[in-house]
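Here is a structure to read with care, one term at a time. Each question below asks what a word rests on, and each reply sets a value beside a definition.

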Amino acid sequence: MTSEATGTPEPVRTPEPTHPTDTAGALPYAGGNPYADYRDGTFDFTVLTDLADRRLGGAVIAANDELFAERENLLLPQPAEFRPHVFGNKGQIMDGWETRRRRGAGPDRPHPTADDHDWALIRLGAPGAVHGVIVDTAHFRGNNPQQIAVEGAELPGTPGPEELLADSTVWHPLVPRSPVRGHAANGFAVTDRRRVTHLRLSQYPDGGIARLRVHGEARPDPAWLAALGTFDLAAIEHGGAVEDASDRFFSSPANLALPGRSGAMGDGWENRRRRDDGHDWVRLRLAGRGAIRAVEIDTGCYVGNAAGWAALYGRDEQAADPQEWFELVPRTRLQPDAVHRLVLDAPRPATHVRLDVFPDGGIARLRLHGGLV
């Protein structure tokens, strides 16, 4: 082509490459509060137990790539942190699981294919039925995956990566391949209620995920519970669950049923200070219909804000009146930062319990020792 004004050839202009509009992305970090523009969400399933919680024994047992950030970060219980301009030998240090940029087959095909992806294998701390998944991409801006998928499998024992990756392992979809946003809590409801012991998290084509939360109902192996005989009927890993509470202002009542001793006030159930004549309560569903023989009420790490008194009531869904609450432990004085061990005179079958605290205050752990009936 020549210019009509000069008759000289015009230079060939190569069109500027365009970047596709990324409506799922996030703006670059501009300073200040790194969570200021975080896109949160409200998901009904988050009241249920996080079955992948590290405190229950959850683990990321393998990943195909973790060059920029380790896979184990996915299940850390605390929110992801971001320290700008803190670099290691491989770049900005990120609090999550981050893989390298995928490339195509060669200079003529530099882009990955539509099916190229990275994956991580997760062992649930409490096997069970998944109701919802949160794929949290906090602080991943421009380096988050475009899409994710989650699959579940049920295997006996404690299989390793070799067994999980074997052709004989049957994986079924929990979350189909779905778009995700950067620097956001991406929530996905799950309708498949099959029991699963392991998950496979896939990200397309690559990128970073800060945290993975897997909310659902724990379903332990019945044969294991039968072999135990006596166990904690309220424990999450045995199938117990916190159903409701009068107040969860400072920390979740689900902490009551976690394994081990609490390490800080935030690791138990703490309600706000009452300014009326009422009292606080928490209701739990037991692992099954069971006879409680001994109770532990632990106020560990609660010193000036422990509950003053507590009473425990039971309810049996198989009784003539399934809505009747009966007393298991009468109102009992509690000491701060202490374990209170109480033996029941006459064990009575129950499917649910309600712990009342007077007038308010913190409880770290509740243990209900007994057996199924």
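A salt bridge is a side-chain nitrogen of Lys or Arg within 4 Å of a carboxyl oxygen of Asp or Glu. This is a predicted model, in which local features need pLDDT of at least 70 and side-chain atom pairs count only at pLDDT 80 or more, while totals for chains, interfaces and linings use all residues. Residues are numbered from 1 along each chain as its sequence is written, and side-chain values use heavy atoms, with hydrogens and water left out.

Q: What makes Asp244 and Arg248 a salt bridge?
A: The closest N and O atoms of Asp244 and Arg248 are 3.9 Å apart, and the definition asks for a distance within 4 Å, so the pair qualifies. By this rule the count comes to 24 salt bridges.

Q: How do you know whether Arg71 and Glu72, which meet in a salt bridge, are buried or partly exposed?
A: Arg71 has a relative accessible area of 18%, so this residue is buried, whereas Glu72, at 40%, counts as partly exposed. Their side chains meet at 3.8 Å, N to O.

Q: Why is the pair of Tyr35 and Tyr38 called edge-to-face?
A: Rings of Phe, Tyr and Trp (its six-membered ring) pair if their centres lie within 6.5 Å, and planes under 30 degrees apart count as stacked, over 60 as edge-to-face and the rest as tilted. The centres of Tyr35 and Tyr38 are 5.1 Å apart and their planes stand at 85°, so the pair is edge-to-face. Tyr35 is partly exposed, at 28% relative accessible area, and Tyr38 is buried, at 18%.

Q: What makes Phe43 and Phe45 a stacked pair?
A: Their ring centres are 5.6 Å apart and their planes lie at 15°, so the pair is stacked. Both of these residues, Phe43 and Phe45, are buried.

Q: What is meant by the largest nonpolar core, and which of its residues touch the most other members?
A: A nonpolar core is a set of buried Ala, Val, Leu, Ile, Met, Phe, Trp, Tyr and Cys residues joined through side-chain atoms within 4.5 Å. The largest one here has 32 residues, of which Leu74, Ile122, Leu201 and Leu212 touch the most other members. Its largest share, seven residues, comes from β6, one of the strands, which are DSSP runs (E, at least two residues) numbered from the N terminus. A second, separate core of 29 residues includes Ala307, Phe326, Val353 and Ile363.

Q: How confident is the predictor in this protein?
A: The predictor's confidence in each residue is given as pLDDT, from 0 to 100. The protein averages a pLDDT of 92, and 94% of the residues score at least 70. Over residues 1-6, however, the pLDDT is below 50. Where pLDDT is low, the predicted coordinates should not be read in detail.

Note on methods:
Contact = heavy atoms within 4.5 Å. Buried < 20%, exposed > 50% of the residue type's maximum accessible area, 1.4 Å probe, protein only. Helix = DSSP H or I, 4+ residues; strand = E, 2+ residues; numbered from the N terminus.
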